[in-house]
Amino acid sequence: MFYLDFLIVILCFKPFRCRSLPAQRKYMRSPLIPEMATQEVQLNETLAHLKTESETLKSKLEEERAKLHDVELHQVAEKVEGLGQFVMKTRRTLKGHGNKVLCMDWCKDKRRIVSSSQDGKVIVWDAFTTNKEHAVTMPCTWVMACAYAPSGCAVACGGLDNKCSVYPLSLDKNENLAAKKKSVAMHTNYLSACSFTNSDMQILTSSGDGTCALWDVESGQLLQSFHGHAADVLCLDLAPSETGNTFVSGGCDKKANVWDMRSGQCIQSFETHESDINSVRYYPSGDAFASGSDDATCRLYDLRADREVAIYSKESIIFGVSSVDFSLSGRLLFGGYNDYTINVWDVLKGTRVSILFGHENRVSTLRVSPDGTAFSTGSWDHTLRVCDDCYFFIGIKYNQNLCTFNFTPCAPDKPPLSLTATHLPKYSNLKKHIYRST
Amino acid sequence: MLPKGRDIIDWLIQKYNVSEEESLHVGGMLVKYGYIYPLKEPRSLVLRPDESPYRFQVSRSSPIQYVYLDTIYLAKKNIRKQGELMEYEKERYSVLHKRINHTWDFVVMQAREQLRASKQRRKADRIVLECQEQAYWLINRPPPGVHNVLDVGLERPNNFSARVTLVSGFIAFIYFLFVKYSEQYLNHDPIMQGCLPSNPWISDDTAHWTMNADMVPTPTRLRVERWSFSFMELLEDSMGRREFMTYLEKEFSAENLCFWQACEDVRHGESSRIVEKVEDIYKNFLAPGAARWVNIDSKTMDKTLEGIRHPHRFVMDDAQMHIYFLMKKDSYPRYLKSDLYKNMLAKAIVPQETKKSVFPFMRRQRHSSPSPAQAATQAEDGQAKGAGQADIDRIFVITEINRRTQLRCLS
C-alpha cells in the first residue's frame, strides 16, 4: 500500500515538476541528416551568442535602473508607526477533504469558500458554520485551480484535465452538480490558475503550456490569448483598476508579466526573482503587485516606477512561498510557505510582524476574505483554516488562592497588563478587565 | 492613482519640512522647469494646489537622442497636421533636416510608426503621452519671446545636472503614495484595527455583515467615508452607486451613469447578447433625439457610431471611458460637496463595540445564511414577471438585477 502511494506521488509529481523551456528541449534532440547537423551547430552558436548579448543588455538595464535606486521604501516609511508583534489565531478549521488541498477562493458574500484538492474533489463550504454545502468530484486528479463566480452561483475549476469547467451551484439536493458541468477552457497542458473577471460570463486561465487565455463562458469561445512566458504560467491576478483591463501573471521563467486583456499585449515585465513565481497578487490600489516565489522571497513591484520596490525575506526562511495576499489596507502581506508556516510582513517597513504555525504540511493556498475580516489557508495536511488577528492573549495561572491574569496586548501602543487577585474575582469584575478576549 | 497638485504640495511639505507657501514655490519651479507636467491645460505650466493631475517627466539623456527626439516630434506634428508647424518650429525642422539628412528616412519612418502605435493606445494613455511631449518641448524649445528657463548664462565646468536626483525623487514620491494609501485605509482594515461591532469570525456574531449589507436603510459611517476615497469606491458599492444616481437625477445628468452601466453590461455580459445590447444603447443614448442622449465629443461619437456597424465587446470602450472621466472630474467632486452626501454621512451609524463574553468556551450559535445561488433563482423569477416594461427602463432594470445578484452580500 505504501509503495503504491509512493508510485502515485511520483507519477503525479512529474507534470508538476515539468518546468523547463519547451523550445530548448526540442532543440536538444539531434537530427539524423548531416547537413542539418551543421546547421544546428550554427544555430546553436547563434543562440548562445544572442543569449549572452541579452544577458549583457539586461545587466546594463539593471545598472541604469540601480542608478536611480538610491532611496528605499522603508526609508520613506520611517516616520510611520511600527506595528509591533501580531498574534494570529485559527478561528475555523475545515475538515472534509481526503487529500492535499491545492486551491481555494472566497465568495463575494464574505463567508463561503470553494476549495479543490488532489483527489479531484471540489467542495463549497460555508466557512462561518463550517458546513459543507456542495461537493463535486472532478474526473481528474490534482485540481490546481478553482474560483468562485462573482454572483455566487457557480464555481470554476480545473487541473490535470487541461480544462477549466464551470459548475452552476444548484440547491436541489437531488441534483447531481456534475451533470450541469460546462467545459469552458481548453489548454494543451495542466491548468494552474483560473479567475472570473467582473462577471460570470468570462474566465481568465493560466496553464502549464505557457499561455494565459480569456474565455467566454456561454459559448466556450477563446476571446484572447496571451503569449510571452517562456515556461509554465503558475498564477494570475486581475487588476482592481478603474478601467479593469489588465492582469498580471507569474511563471516558471521567473518573470511576472502585466497584460492588456483587450489587445493581448504584454505591457510590462519584471524579472528579479531567482526561481519560479508561484503566486501574484495586486496591491489594493492596483498600482503595484506582490509575488511569492520558490526562492523563499516575496517581492513588491510598482507599475508606475516600473521596478521592484521591496523584498520580503529573512535568513531563517529557506522554503518557497506558495501563495501571497494583502490585507485590505495593503499594510500587511500574508505569505503561505512550504515549511508549513504563514509569515505576515509589514509591507512598508519590510519587517515580519507575525508567524503562524498550525498546519501539518505545506501551505498551498492563501486568500484574504473580500471584506478583509479574516484570511483562509489551504494545506497539504487536507485542511483549510480561517485565521485572524488576536487582540489579547490571556494567560491564567492558578496558584492555590492566587490567580494571576496576564494580558499581552497585540496592539503596539498598549502596555502589558497584569492583574493578581487573592481570590477568584467575581464575574462583573472580570468583565471590566477582560477586553477583546481570545 | 495619478499624483494631484495637492498631493505634490503635501509631499514637498513633508519631505522638506517647509511651509505651504514655500512648497508652492518649489513645486511651481519644478513645473516650470519641466520636471513635473500637468495633464489638464498642458500649455499652462503652473502647479495648482488642487485635484489637477500631474505626472513626472521622463528623463531624456544623451544629446544625440535629443536631436532625434526633437526631429521625430516635429515630424509627427508635421504629418499629423499638415503645415501647422509654427514659424520657429519650421526653422528648427529645416536645420535638423540638414543635420541628419543621412538618416532622414529612418526618422520619418519612426515618426509614422509612433503615430500609428499611439492610435492603438487607449485614449487616456495617448493624452498623457501627448501632454508629456508637449510640456517637454515647450520648455526645451520655448517659442520666441518666451522666457527660456533653461538659460544658465555662461557655461561653467561644474554644470552638474539635478536631473538624476529628481528622477529618484519620483521613486520617493511613489513610496510616499504607498504610505498615504495605507494610512487612508487603516481604519477600514479589520485585521489591523478590528471592526465594529465585532469581527464575526471571533465573536460568532454576524452583526457586522448585516449592518454592511446591500439593502440597509442606514449605512455605517466607515462605508460612507469610503465613498469619498475615490470614484471607483463609490461605484463599486451598490448603495453608493444608488445614492450617486439619486444625486445625478437631481442634476439632470443621470443618463451618464445609466450609459456607463449599460456599457459595463456589454463588456462583461454574454457574447450572444452583445449585438442586441449595443443596439439598445444606440437607441437610448446615442441616436440623435434619443430619450437619454449622452454628451460625448464629436470625435469619439463618430468613432463609436462607426464601430456600432460591426458591434463587438469593446466597441463602447472609448465612449464609456469618456463618460466615466466626465463623471469623475465633474459630478463626483460636486456630489461629495453636496447636501445629499453630507446628510448621508451625518446620519450614518457608528456601531457600538460588543464586549466579548468572559468565558471563551461559551460559544454563540453560528447561524447559516441563504446561499447566493438561491437568491439568484428568485431574482430570475422576478425578472420574468417584469418583461412588459418600457424599453427605456429595461436596460437599467436588468443591469440592476444583475448587479444586485453579483454583488449581494447576505448575512
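Author: Start with the record. The model itself is predicted. Two of these spans show what the chain does there. Residues 321-355 of chain A are 0% helix and 60% strand. The end C-alpha atoms of that span lie 14 Å apart. Residues 356-386 of chain A are 0% helix and 52% strand. Here the end C-alpha atoms are 12 Å apart.

Now take chain A as a whole. Its secondary structure comes to five helices and 31 strands. Chain A has 438 residues, and 54% of them count as buried. Look also at its contacts between residues at least 6 apart in sequence: 45% of these join residues at least 24 apart. The chain exposes about 19700 Å², and carbon and sulfur atoms supply 55% of that area.

Next, the sheets. Strands of a sheet pair through backbone hydrogen bonds, either parallel or antiparallel. Which order do the strands take in the sheet that holds S10 of chain A? The order is S10-S11-S12-S13, in an open sheet of four strands with antiparallel pairing. Strand S10 (191-196) and strand S13 (222-227) of chain A stand at the edges. Each has a single partner strand, so one side of each is left without a neighbour in the sheet. From one strand to the next, the twist averages 15°.

S10(A) pairs with strand S11 (residues 202-207) of chain A in the antiparallel sense, over five bridges. At one point of this pairing, A:Ser195 stands opposite A:Leu204 in S11(A).

Chain A has another open sheet of four strands, with antiparallel pairing and the order S2-S3-S4-S5. Its edge strands are strand S2 (101-106) and strand S5 (131-137) of chain A, and each pairs on one side only. The twist in this sheet averages 20° from one strand to the next. Inside it, strand S3 (residues 112-117) and strand S4 (residues 121-126) of chain A run antiparallel, joined by five bridges. There A:Ile113 stands opposite A:Trp125 in S4(A).

Is strand S15 (residues 246-251) of chain A enclosed by the rest of the structure or left open? Six of its six residues are buried, so S15 is largely enclosed by the rest of the structure. In a regular strand the side chains alternate between the two faces of the sheet. Check each face of S15(A) in turn. A:Thr246, A:Val248 and A:Gly250 are buried on one side. A:Phe247, A:Ser249 and A:Gly251 are buried on the other. Both faces are covered.

Strand S14 (residues 233-238) of chain A runs antiparallel to S15(A), and five bridges join them. Here A:Leu238 has A:Phe247 as its bridge partner in S15(A). S15(A) also pairs with strand S16 (residues 256-260) of chain A, again in the antiparallel sense over five bridges. In that pairing, A:Val248 stands opposite A:Val258 in S16(A). S15(A) and S16(A) form a hairpin, with four residues between them. In the turn, A:Lys254 has a positive phi of about 65°.

What about cysteines? The structure holds zero disulfides over all chains. A:Cys146 is in no disulfide, and the nearest cysteine sulfur, that of A:Cys103, is 3.7 Å away. A:Cys146 is buried, with a relative accessible area of 3%. In chain B, B:Cys263 is buried as well, with a relative accessible area of 2%.

B:Pro197 is found in the loop between helix H8 (190-193) and helix H9 (200-203) of chain B. At 6% relative accessibility, B:Pro197 counts as buried. B:Pro197 and B:Glu353 are 156 residues apart in sequence, yet 4.2 Å apart in space, C-alpha to C-alpha. Beyond four places in sequence, the residues that B:Pro197 touches include B:His208, B:Met211 and B:Pro351. The other site is B:Asp318, in helix H17 (residues 317-337) of chain B. B:Asp318 counts as buried, at 17% relative accessibility. Leaving aside neighbours within four places in sequence, B:Asp318 is in contact with B:Lys123, B:Thr300 and B:Lys303.

Conventions:
Residues numbered from 1 in each chain as written. Chains lettered and ligands numbered in written order. Predicted model: local features only at pLDDT ≥ 70, side-chain atom pairs only at ≥ 80, totals over all residues. Heavy atoms only, no water. Pairing = 2+ DSSP bridges. Helix = DSSP H or I, 4+ residues; strand = E, 2+ residues; numbered from the N terminus. Axes fitted to C-alpha atoms, helices over the stretch in contact; angles between N-to-C directions. Buried < 20%, exposed > 50% of the residue type's maximum accessible area, 1.4 Å probe, protein only. Contact = heavy atoms within 4.5 Å. Disulfide = S-S within 2.5 Å. Areas by Shrake-Rupley, 256 points an atom, 1.4 Å probe, with all protein chains shown as cover.
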